[in-house]
Amino acid sequence: ASTRSTIQDAAEVISSDQAAVTKILKVANSPLYGLTSRVDSINKAIFLLGFNEVKNLIVAISIMDMFNTKNVNTYFNPVEFWRF
């Protein structure tokens, strides 16, 4: 990512994946962050959570999607994978 990227730049990229937007907004509105106002846009979520936290959420979402049972090979065991 460019050091000159804006919230709008990040929001445009993330907005291309509506499932990711929904998950990020759900996390942003969770008690974990203790925000006093409702987060209703990806722009606001990026502003309040910060670029690094949103990046970490996207990585986590991608990993969780990768291990979705519909996508996992029958010979691949995600629990065993993470054991090493």
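1. Exposed means over 50% relative accessible area, buried means under 20%, and partly exposed lies in between, with a 1.4 Å probe and protein chains only. The buried residues of helix 1 are A10, A11 and I14. They span an arc of only 100° around the axis, so they sit on the same side of helix 1. The arc is taken from the directions that run from the helix axis to the C-beta atoms.

2. Some remarks on the source. This is a predicted model, in which local features need pLDDT of at least 70 and side-chain atom pairs count only at pLDDT 80 or more, while totals for chains, interfaces and linings use all residues. Residues are numbered from 1 along each chain as its sequence is written, and side-chain values use heavy atoms, with hydrogens and water left out.

3. The overall layout is as follows. The chain has five helices and zero strands, and from the N terminus on its elements run α-α-α-α-α. Helices (H or I, at least four residues) and strands (E, at least two) are DSSP runs, numbered from the N terminus. Of the 84 residues in the chain, 20% are buried. The chain exposes about 6500 Å², and carbon and sulfur atoms supply 59% of that area. Accessible areas come from the Shrake-Rupley method with a 1.4 Å probe; for residues, only the protein chains shown count as cover.

4. Among contacts in the chain with a separation of 6 or more, 41% are between residues 24 or more positions apart. Contact means heavy atoms within 4.5 Å. The buried residues of helix 1 pack against helix 2, helix 3 and helix 4.

5. Helix 2 has its own buried residues: A20, V21, I24, L25 and A28. These cover an arc of only 130° around the axis, which puts them on the same side of helix 2. An α-helix has 3.6 residues a turn, so residues three or four places apart point the same way. The cover over the buried residues of helix 2 includes helix 1, helix 3 and helix 4.

6. In helix 3, which spans residues 42–49, the residues I42, A45, I46 and L49 are buried. Their arc around the axis is only 95°, which places them on the same side of helix 3. What covers them includes helix 1 (7–14), helix 2 (18–28) and helix 4 (51–66). Helix 3 is followed by G50, whose phi is positive, near 95°.

7. How do two of these helices pack? Two packed helices are described by the angle between their axes and the distance between the axes. Helix 1 and helix 3 pack at an angle of about 125°, with their axes 9 Å apart. Axes are lines fitted to C-alpha atoms, for helices over the stretch in contact, and angles run from 0 to 180 degrees between N-to-C directions. The angle makes helix 1 oblique to helix 3. Angles under 35 degrees count as roughly parallel, over 145 as roughly antiparallel, 65 to 115 as roughly perpendicular and the rest as oblique. The contact involves I7, Q8, A10, A11 and I14 of helix 1 and I42, N43, I46 and F47 of helix 3. The crossing of helix 1 and helix 3 is right-handed. A crossing is right-handed if the near helix is turned clockwise from the far one by less than a right angle, and left-handed if anticlockwise.

8. A second pair is helix 2 and helix 4, which pack at an angle of about 120° with their axes 10 Å apart. Helix 2 is therefore oblique to helix 4. Helix 2 passes helix 4 in a right-handed crossing. On the helix 2 side, A20, K23, I24 and V27 meet V54, L57, I58, I61 and D65 in helix 4.

9. R38 is in the loop between helix 2 and helix 3. Its relative accessibility is 60%, so R38 counts as exposed. Leaving aside neighbours within four places in sequence, R38 is in contact with N29 and K44. R38 and L25 are 13 residues apart in sequence and 9.3 Å apart in space, C-alpha to C-alpha.

10. K55 lies in helix 4. With a relative accessible area of 48%, K55 is partly exposed. From C-alpha to C-alpha, K55 and A10 are 9.6 Å apart in space, and they are 45 residues apart in sequence.
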